[in-house]
Amino acid sequence: MRHIISVLMENEPGALSRVVGLFSQRNFNIESLTVAPTEDATLSRLTVTTIGDDRVIEQITKQLNKLIDVVKVVDLTEGEHIERELMMIKLKASGQMRAEIKRTADIFRGQIIDVTPTTYTVQMIGSSEKLDAFITSLGAASIMEVVRSGVSGIARGEKVLSL
Amino acid sequence: MVVRALRDEGVKYIYGYPGGALLHVYDALFQQEDVQHVLVRHEQAATHMADAYARATGKAGVALVTSGPGATNAITGIATAYMDSIPMVVITGQVMSYLIGEDAFQETDMLGISRPIVKHNFSVTRAEDIPEIIKKAFHIAESGRPGPVVVDIPKDMTAPTERFPYEYPKSVKLRSYSPVTKGHSGQIKKAVDMLLGAKRPIIYSGGGIIMGDASAELIELAQLLNFPVTNTLMGLGGYPGTDRQFVGMLGMHGSYEANMTMHHSDLVLAIGARFDDRVTNATDKFCPTARIVHVDIDPASISKTIQADVPIVGPAKVVLEEMIQLVKASKKQPDAEAIASWWKQIDEWRSRHGGHYRTDDSELMKPQQVIEMLSKVTNGDAYVCSDVGQHQMFAAQYYKFNKPNRWINSGGLGTMGFGFPAAMGVKMNFPNEEVVCVTGEGSIQMNIQELSTCSQYNIPVKIICLNNQSLGMVRQWQDMNYEARHSHSYMDSLPDFKKLVEAYGHVGMKVEKYSDLENAMREAFAMKDRLVFMDIMVDPFEHVYPMQVPRGAMRDMWLSKTERT
């Protein structure tokens, strides 16, 4: 099963490499990874999506917790949560396709953020599933480049991940 | 500042090797007398010496190595300590901070290289942080589940021209690191209830008892309950080897009775052990009728390979104390009748194999005989530091350890070359104790250069070399699984060890007949202030038994070359 694991860690050089190294060292899988500082400059928030059975996920959270730089770990998929990913996708857009792409982007509530006579760059925000669906729905349109931010997640309601 | 911090931490010995990046530190060492430095001949030996000190005392050992090759030579020793959860602080020199990343002379990314094999590592970026970082390094290394910590210090951070206010912190707090100090009381209650209801119980304890200083508590609980006890390779000495309730080591080369008892048990109380693959054999066939109570300081060790029915995260000593209190206070008593018939069964298993080996089919000495003699001559009281291979398993099986911290070996990583420097590290710190290195002609040659260090510092360890002229364990596997094709497991150009050690100024002995063994050994141990190397010729065809059948259950074992369970 796919899990979204959020990690609060010391914003220090080397901290990220410990997390990433742990995944490769212990043969855990990384689907996506994002990391950036939080409102507290001494802390970074890292979100990793991974796939594994309960035993593997339990090991991942336990092993992450063991890292000295890691302050807190939560598996967001255990509770109600929101996930978002940002995608920028550059498409060949000429002739009929220009209108077609625009229509599809509108349906998915994407925005065209860069335009040239032959290309569109579409920005889209949503769950990874939605971004996947958009790519599939483009059908005949030819994709030049896809950039995805990786998943960020946050728990619904009052629950927070903080010190 | 580095040396001052080590002094204030109470460090007596450090083991190391100088180099360009450490010249300032070595100059500071020269100008003081509190911290004594021991110059090894290879950095790997420095780490093993520090590691063995930690294994014998429970306190972190310290190694000091220079950048580049000094640091990479230390890697095997760091990994050895990591796999066995041994507290150690390794200080590595680094090139000038402004040269980092430029492929400078003797530069390696020590933080990157050591990352997967340390509990934590630090890089010094401001000289004034050195005292605090060193304090943190010791705190992290020694607390919780112990482990090695690397502190990488660029040369310019130790420049004597720069002066900073120095204060060594009494304690440090890390917001992201707070190891548990106590087990969950509810879980402990539940576990004790299960213990008291068990009909076929066994206590399976490991290195956590040794490093967690919980041997006395383990003995008290086991004797209170009259339960059988088995120890892992790392846990030997945690329970007295000569006690009736001790059923021997378990696992791949565990005793017949230990493995049978495990397999047929209805309750396994695991303490400070991690269900390693060399213990469990095939996990899907592991102890099919047992419920598992697992006590460990590291939550990640619990349910990693074997699902625990009652997980308890906490230090072995504290959890055991609480269990003892509860057992004593409980109205419920262990089921004496069931336990008695369980013991009857165990004693039957014991009499079936009981560690027997054949001595009648050849003139050659059996390695088991040598270890039994060693146990006799040293009254089971020596610090036994082992290398890796058949001799290690024979020592584990036939030396009867009655005290904790006296069996010192590389269990997890299986590092050949560990035993000799380990013995040196122990001997320096316990000069009045008998310290033995049990080794083979293969392992000893991996760090034999340290004979020179022993001459320099007069470290009179006793080296018992079980010389079978082959890499015995490799050869055993080749005999059993590769139709005796002995690919590169021969040692056909061995040195004359007697002459070799004499060249370093030590005493060498060669023993070829069993009838000479006892006298020779007593003679060797009578030379209190000399290093004695006993080159003992043993049967090259001997195998270690029992040996679990690969991918089988605990009970599936070879008992000799021809007998199987």
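The model is predicted, so local features need pLDDT of at least 70 and side-chain atom pairs count only at pLDDT 80 or more, while totals for chains, interfaces and linings use all residues. Side-chain values use heavy atoms, without hydrogens and water.

**The interface**

- The contact (heavy atoms within 4.5 Å) takes 21 residues from chain A and 19 residues from chain B.
- About 1600 Å² is buried between the two chains, and carbon and sulfur atoms give 45% of this area; buried area is the accessible area (1.4 Å probe) that two parts lose on being put together, summed over both.

- The rule finds two salt bridges across the interface, each a side-chain nitrogen of Lys or Arg within 4 Å of a carboxyl oxygen of Asp or Glu.
- A salt bridge joins the side chains of A:Lys66 and B:Asp298, at 2.7 Å from N to O.

**The side of chain A that touches chain B**

- Helix 1 (15–25), helix 2 (54–66) and strand 4 (70–75) of chain A each give two or more residues to this side; helices (H or I, at least four residues) and strands (E, at least two) are DSSP runs, numbered from the N terminus.
- Helix 2 of chain A supplies the largest share, six residues.

**B:Thr230**

- B:Thr230 belongs to strand 8 (residues 229–231) of chain B.
- B:Thr230 has a relative accessible area of 0% and is therefore buried, a term that means under 20% relative accessible area (1.4 Å probe, protein chains only).
- Leaving aside neighbours within four places in sequence, B:Thr230 is in contact with residues including B:Ile202, B:Phe246 and B:Met262.

Methods: Residues numbered from 1 in each chain as written. Chains lettered and ligands numbered in written order. Buried < 20%, exposed > 50% of the residue type's maximum accessible area, 1.4 Å probe, protein only.
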